[in-house]
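Thanks, everyone. I'll keep this brief and take the structure piece by piece. Please have it open while I talk.

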Amino acid sequence: MDGLRYDYPEKSQSGGFSLLASEGLVAESLIPVYQSTTFPTHVSMATGVHPDKHGIMHNSFYDKVKDDSYSYSPEANWIQIKPIWAYLEEKNIKTATYFWVGSETPWNGIDITYSKFPFSNSVSEESKIDQILDWLSLPDDEKPRLIMSWWHGIDSVAHKYGMKDKRVLKKFIDQDQHLLNLIDRIKARRLWDKLTLIVVSDHGMTDISNLINIKQLLKQSEIKAKTSLGPAVGHIFLEDKNDLKRAIEALQKNKFLKVKSKDDIHKDLKLNHPTRTGDIVVFTKSPNMLVSRMNNDPPIGMHGYNPEVNKDMEGIFLAYGYKIKPNKIGKVHQVDVAPTILNLLQVEIPDYMEGKVIKLD
Ligand SMILES: [Zn+2]
């Protein structure tokens with residue numbers, strides 16, 4: 001559920017989330033990877049590694065060796081670690097996705113058995129539930145053992161109107177009812193004794209009020225560079241490496257920016273990718289946002305910020321059904337999602353995964 005912040009499930013009164021709160025397992029929150037934007041977070045949940053390993057640094061980014069830019073691409077081969085569906089398909093376990101970043105095309109020749117594409121924002125949750133139930137009704141030898149699906153959550157509404165707007169809560173209630181519908185329809189098929197549901201979000205959301213134009217700062221000091229900016233982390237690829245010191249000084253003129261050369265990025269941030277991290281990386285905190293041009297209709301809600309210092313970035317993790325003991329547990333991390341799924345499926349967890357198995361029973 002896109003953008004569903006950790007504090008939303010408890011706002012449910014008679015929907016899927018209140019049912020999960022009483023009969024399922026609820027984690028305090030799901031800590032996203034950094035930067036906490038939709039593409040890196042979805043890929044981290046699917047691979048069990050951070051963006052410095054899987055390479056999806058943001059929804060759009062630049063690769064200096066390919067000399068090519070990625071932008072909301074359906075091309076799976078940009079992902080540099082095997083996604084969970086490809087890992088399972090290689091073991092002859094059928095999988096399905098109804099919209100998940102990177103699952104629309106084969107990953108290095110490994111195709112997914114069932115996948116809906118191309119991505120469309122206008123497909124309703126009802127259609128996804130219908131398809132999920134159809135997949136679950138297939139004969140055993142055709143049925144996928146893992147189904148992953150992206151739902152709207154509150155993301156678009158929250159970006160547009162901000163978290164204080166009533167429309168955000170209204171959208172949450174809508175998603176809560178769809179979740180209840182999914183649970184009820186699985187119940188009607190008597191599948192809860194062999195099916196586990198995991199509900200996650202990709203990131204939280206916070207309100208912002210200040211845009212920082214990075215391109216303009218560079219231009220003012222006549223520094224030529226390619227910029228690849230997310231809301232919270234920006235990568236600067238210099239045309240002339242001798243400009244490094246001058247560019248850092250130019251960017252530091254804005255007091256809301258933290259500026260580091262590639263070599264000085266703290267390793268715990270897991271943002272240092274060999275070919276997709278800029279010569280210079282700029283960081284900002286909310287309520288600031290990095291942009292490459294001024295926007296007359298700027299977003300009010302935003303995410304992407306460092307989850308270690310901004311609690312509003314934390315998302316949700318709930319589980320229900322087969323092998324789930326109703327419980328409240330502490331915070332879990334997005335890189336834990338893939339190993340936890342493999343553990344439920346009783347499939348060996350590959351060494352490259354950085355997360356741990358979340359105890360569900
Ligand atoms: Zn998102």
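Lys 331 first. It counts as partly exposed, because it has 13 C-beta neighbours inside 10 Å. A word of caution: this is a predicted model. Lys 331 sits in the loop between strand E18 (327–329) and strand E19 (332–333). What does Lys 331 touch, not counting residues up to four places away in sequence? The list is Ala 27, Glu 28, Ser 29 and Ile 31. Take Ser 29 from that list. Along the chain, Lys 331 and Ser 29 are 302 residues apart, yet 4.9 Å separates their C-alpha atoms.

Now the other lysine. Lys 224 lies in the loop between helix H8 (214–220) and strand E11 (225–229). Is Lys 224 buried or exposed? Lys 224 counts as exposed, because it has 11 C-beta neighbours inside 10 Å; the cut-off for exposed is 12 or fewer. Leaving aside neighbours within four places in sequence, Lys 224 is in contact with Glu 239 and Asp 240. Glu 75 is another matter. Lys 224 and Glu 75 are 149 residues apart along the chain, and their C-alpha atoms are separated by 29 Å.

Stay with E11 for a moment. E11 runs antiparallel to strand E12 (residues 233–238), and five bridges join the two. They form a hairpin with three residues between them. Within the pairing, Leu 229 stands opposite Gly 234 in E12.

On to the domains. The domain assignment gives domain 1 (8–207 + 307–344) and domain 2 (210–298). Taken over C-alpha atoms, their centres are 30 Å apart. How many residues does each domain give to the contact? Domain 1 gives 19 residues, and domain 2 gives 17. On the domain 1 side, the elements that give two or more residues are helix H3 (51–54), strand E3 (60–63) and strand E9 (206–207). E3 provides the largest share, four residues. By class, that side of domain 1 has seven nonpolar, eight polar and four charged residues.

E3 has a partner. Four bridges join E3 to strand E4 (residues 68–71), and the two run antiparallel. Asp 63 stands opposite Asp 68 in E4. The hairpin has four residues between the strands, and there Asp 67 takes a positive phi near 50°.

Next, the core. In soluble globular proteins, nonpolar side chains tend to be buried together. Here, the largest nonpolar core has 95 residues. Which of them touch the most other members? They are Val 199, Val 200, Ala 247, Val 282, Ile 316, Leu 318 and Ala 338. This core draws at least three residues from each of domain 1 and domain 2. Pick out Ala 247. Apart from neighbours within four places in sequence, Ala 247 is in contact with Leu 218, Ile 223, Ala 225, Ile 236, Leu 238 and Ile 280.

Last stop, helix H1 (residues 16–23). The buried residues of H1 are Gly 16, Phe 17 and Leu 20. Why are they on the same side of H1? Because they cover an arc of only 95° around the axis. What do the buried residues of H1 pack against? Strand E1 (25–27), helix H7 (166–188), strand E8 (196–200) and strand E17 (317–321).

That's the tour. Thank you.

Methods
Residues are numbered from 1 along each chain as its sequence is written. This is a predicted model: local features need pLDDT of at least 70, side-chain atom pairs count only at pLDDT 80 or more; totals for chains, interfaces and linings use all residues. A nonpolar core is a set of buried Ala, Val, Leu, Ile, Met, Phe, Trp, Tyr and Cys residues joined through C-beta atoms within 7 Å. A residue is buried if 20 or more other C-beta atoms lie within 10 Å of its own, exposed if 12 or fewer, and partly exposed in between; C-beta atoms are placed from the backbone. Domain bounds come from an automatic or database domain assignment. Two residues are in contact if their C-beta atoms, placed from the backbone, lie within 7 Å. Ala, Val, Leu, Ile, Met, Phe, Trp, Tyr, Cys and Pro count as nonpolar, Asp, Glu, Lys and Arg as charged, and the others, Gly among them, as polar. Two strands pair if DSSP finds at least two bridges between them. The arc is that of the directions from the helix axis to the C-beta atoms.
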